[in-house]
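Thank you all for coming.

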Amino acid sequence: MKSYLKYISKHIILVIFLIVALIVLNIFVFIATFNGVVSKDYGDFSPKNMLSIVSENCSKASINDVGIQQLSANNIWAAFIDKEGKSTWTVNVPSDFPKKFSLNDVAIFSKGYLLDYPVFIETNKDGMIILGYPKDSYFKLTNNFFSTMALKKLPMFLLITLLVDCLFIFMIYYRSKKKIKRNIEPIMNGIESLSKGESTSVDVSGDLKDIADGINQASYIITHQNVARANWIAGVSHDIRTPLSIILGYSDRIKTAAIDDSHIRNYSEIIESNCIQIKHLVSDLNLVSMLEYDMQPLQIEEVRLSKLVRSFVADTLNRGLAEQYALNFEISNDAEPLSIECDSRLINRALSNLVNNCVKHNPDGCNIDITLSTQDEYIKLSVYDDGVGLSEEQRKELEKPHYMNALDDRLDLRHGLGTILVKQIVQAHHGRIETPVTEKGFKIELCFLLNS
Amino acid sequence: MDTYILSKKILIVDDEPELLELVKSILEEAGFSAIVTANTMQSAIETCSKSFPDLAILDVMLPDGDGFTLYNQIQSINSIPIIFLTAKDASDSKLTGLGLGADDYIVKPFLPQELVLRVSAVLRRCYKEEPSVLKLASCEIDFDRAEVIKGSEIIPLTAKEHMLLKTLADNSGKIVTLDNLCEALWGENPYGYENSLNAHVRRVREKIELNPSKPESLITIKGLGYRLSTRN
């Protein structure tokens with residue numbers, strides 16, 4: 001379920017990765033764009049190179065042809081000014097190039113422009129070489145200066161900025177994740193409840209409100225359907241009861257009537273036994289659906305199980321058990337005083353269903369043992385019969401979901417509704433069911449947690 | 001069954017004519033002779049005020065109201081025992097919760113024997129035959145006087161002994177659990193009174209049995225409880 005957090009992390013990390021990738025891409029584009037410019041403007045004909053070429057090819061008085069050729073090829077003018085400010089030689093200089101420069105003139109152009117041409121100078125013992133590059137070829141910063149302190153602080157500044165930026169990005173990542181989690185988590189929990197068929201209520205405001213409303217609506221529909229289904233089953237089982245009473249009553253009339261025909265008597269017995277089956281089915285079905293959809297409020301009270309077992313055994317014996325069955329019970333000394341919080345009617349019903357199962361599966365009779373004992377923090381109620389038991393396949397069938405919960409097409413009765421009811425009753429009491437393999441017959445154990 | 005019980009007048013109220021007829025014929029078959037029927041709440045009230053039945057069997061769902069309302073109205077005319085006949089599930093909380101003072105309820109579908117047993121049990125409980133003398137194998141018990149009549153001897157019963165015998169006699173022929181007996185004698189939550197119960201049983205046996213070590217009337221059902229076999 002926490003997979004969505006991983007999903008969010010993945011996406012935020014992806015975004016950060018994309019930002020880095022974009023920066024790298026920008027660097028590449030930058031290099032591609034400026035590669036030519038750099039090699040041209042900062043390469044062989046850069047002011048630095050040209051100054052050294054010119055200085056090699058000239059003296060105070062003149063410049064040789066190699067120098068002139070290089071200058072002309074690159075559309076650069078040049079001049080030499082001696083220490084008195086007079087120009088001794090010039091190459092391709094503009095027409096209004098002065099013959100003499102004052103100290104002020106030199107101070108101004110040495111860092112900038114001369115007659116709007118960007119100029120570069122080199123001084124030697126005789127004077128200075130001036131190179132004039134074409135207008136608009138270079139941009140010169142005429143008044144640049146930096147405080148040494150500022151420059152010294154620059155590396156530290158860059159490092160700290162980088163770290164702070166990283167920290168900031170991480171905080172954004174962390175906060176987004178937390179915020180998303182806060183908003184998404186209730187929604188995910190809601191969806192999880194829905195997937196289990198449980199009702200839920202999601203309270204989220206803000207951008208995700210629509211989703212929350214959708215989930216609440218779905219939950220309402222599921223609850224509504226569950227209630228409708230449980231009511232429908234309750235209604236059907238209610239309506240079946242009266243006609244069933246009449247069938248049962250009149251089949252009994254036929255059975256006890258003074259009719260000589262033994263066949264008819266036999267038929268009426270079959271009708272009666274089948275009616276009794278439907279009677280059990282109807283009441284089991286109703287209770288199963290009530291428990292399934294939480295429509296049956298448990299009437300929880302403190303119950304001493306030993307008392308409940310004795311009362312169940314006495315009731316069963318009082319009602320009369322066919323003679324081929326023997327009902328025994330044993331309550332261990334440590335289980336005798338123990339009580340649990342439960343709905344006694346439901347536990348009684350579970351016991352009765354289990355004993356009915358023993359009877360149903362062993363028409364030739366069997367011993368039925370009810371045992372109440374303790375095991376660790378559990379109190380264990382077990383019903384054992386030494387009858388036919390279950391084959392390996394039947395045991396596997398028991399593990400499969402009941403047809404009420406199964407979605408496949410097999411709507412045959414795998415195992416009785418009575419068993420699923422026992423399961424549900426135990427579940428409603430947060431207990432567990434065990435069916436240990438026995439040498440003979442069948443044993444089922446209902447374990448309930450003792451009150452601490 | 002006693003003619004005393006069979007002579008009681010029973011009112012059956014159900015809107016289903018076939019079921020009404022069935023219940024009536026089951027009870028007639030069992031020997032009840034005075035049976036009146038009604039199929040609505042209105043006619044049930046009229047019948048009640050005219051013919052004063054001794055017991056009423058009411059369907060919970062009636063066309064002009066529910067059985068619980070009818071119960072209250074009948075009680076206001078004449079306080080008689082009521083058995084509800086219901087198509088609701090036995091585990092329906094409404095039944096036990098709203099059971100009011102109903103004496104019993106029978107869940108549909110029911111077996112005819114079950115109906116007869118419940119009706120006669122309620123009648124026996126509510127209309128005691130006078131004098132209330134219980135015949136046992138070797139004595140008689142007069143509950144009103146709290147005495148055991150053993151041949152020419154008259155032995156008085158203590159309050160607890162009387163209570164013990166009464167509880168067993170009310171369920172005569174049936175096993176009554178240790179828990180129920182203790183509850184009858186000492187009230188709610190009587191855990192741990194088993195030994196006292198044994199002592200009382202021993203003393204009762206001395207009074208009612210010919211040979212207390214080989215009881216014929218007050219039978220021990222090991223681990224479970226006791227049963228009283230009567231000669232009535």
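Let me begin with A:Arg304, which forms a salt bridge with A:Glu336, the closest N and O atoms being 3.1 Å apart. Please keep in mind throughout that this is a predicted model. The two partners come from distant parts of the chain, since A:Arg304 sits in strand 6 (residues 301–304) of chain A while A:Glu336 sits in the loop between strand 7 (325–331) and strand 8 (339–342) of chain A, 32 residues apart. Both A:Arg304 and A:Glu336 are buried. This pair also belongs to a network of salt bridges that links A:Arg304, A:Arg310, A:Glu336 and B:Asp179. Over all chains, the structure holds 21 salt bridges.

Another of these joins A:Lys380 to A:Glu445, with 3.7 Å between the closest N and O atoms. Here too the pair links distant parts of the chain, with A:Lys380 in strand 10 (residues 378–385) and A:Glu445 in strand 12 (residues 442–449) of chain A, 65 residues apart. Both A:Lys380 and A:Glu445 are buried.

Next, the start of helix 9. The side chains of A:Arg345 and A:Asp343 meet in a salt bridge at 3.6 Å, N to O, and a side-chain oxygen of A:Asp343 also reaches to within 3.1 Å of the backbone nitrogen of A:Arg345. Are these two residues buried or partly exposed? A:Asp343 has a relative accessible area of 1% and is therefore buried, whereas A:Arg345, at 22%, is partly exposed, because buried means under 20%.

As for the helix itself, the 18 residues of helix 9 (residues 344–361) of chain A should span 26 Å at 1.5 Å a residue, and the end C-alpha atoms are 26 Å apart, which agrees. Its buried residues include A:Leu346, A:Ala350, A:Leu354 and A:Cys358. In general, an α-helix has 3.6 residues a turn, so residues three or four places apart point the same way.

Finally, let us turn to chain B, where an open sheet of 5 strands runs in the order 2-1-3-6-7 with parallel pairing. Its edge strands are strand 2 (35–38) and strand 7 (104–107), each of which pairs on one side only. Strand 6 (residues 82–86) and strand 7 of chain B pair in the parallel sense over 4 bridges, and B:Leu85 stands opposite B:Ile106 in strand 7. Helix 6 (residues 112–126) of chain B lies across strands 1, 3, 6 and 7, running at about 175° to strand 7.

Notes
Residues are numbered from 1 along each chain as its sequence is written. Chains are lettered from A and ligands numbered from 1 in the order in which they are written. This is a predicted model: local features need pLDDT of at least 70, side-chain atom pairs count only at pLDDT 80 or more; totals for chains, interfaces and linings use all residues. Side-chain values use heavy atoms; hydrogens and water are left out. Helices (H or I, at least four residues) and strands (E, at least two) are DSSP runs, numbered from the N terminus. The expected span of a helix is 1.5 Å times one less than its number of residues. Buried means under 20% relative accessible area, exposed over 50%, partly exposed in between (1.4 Å probe, protein chains only). A polar contact is a pair of N or O atoms within 3.5 Å; within protein, one must be able to donate a hydrogen and the other to accept it, and residues adjacent in sequence count only if both atoms are side-chain atoms. Two strands pair if DSSP finds at least two bridges between them. Contact means heavy atoms within 4.5 Å. Axes are lines fitted to C-alpha atoms, for helices over the stretch in contact, and angles run from 0 to 180 degrees between N-to-C directions. A salt bridge is a side-chain nitrogen of Lys or Arg within 4 Å of a carboxyl oxygen of Asp or Glu.
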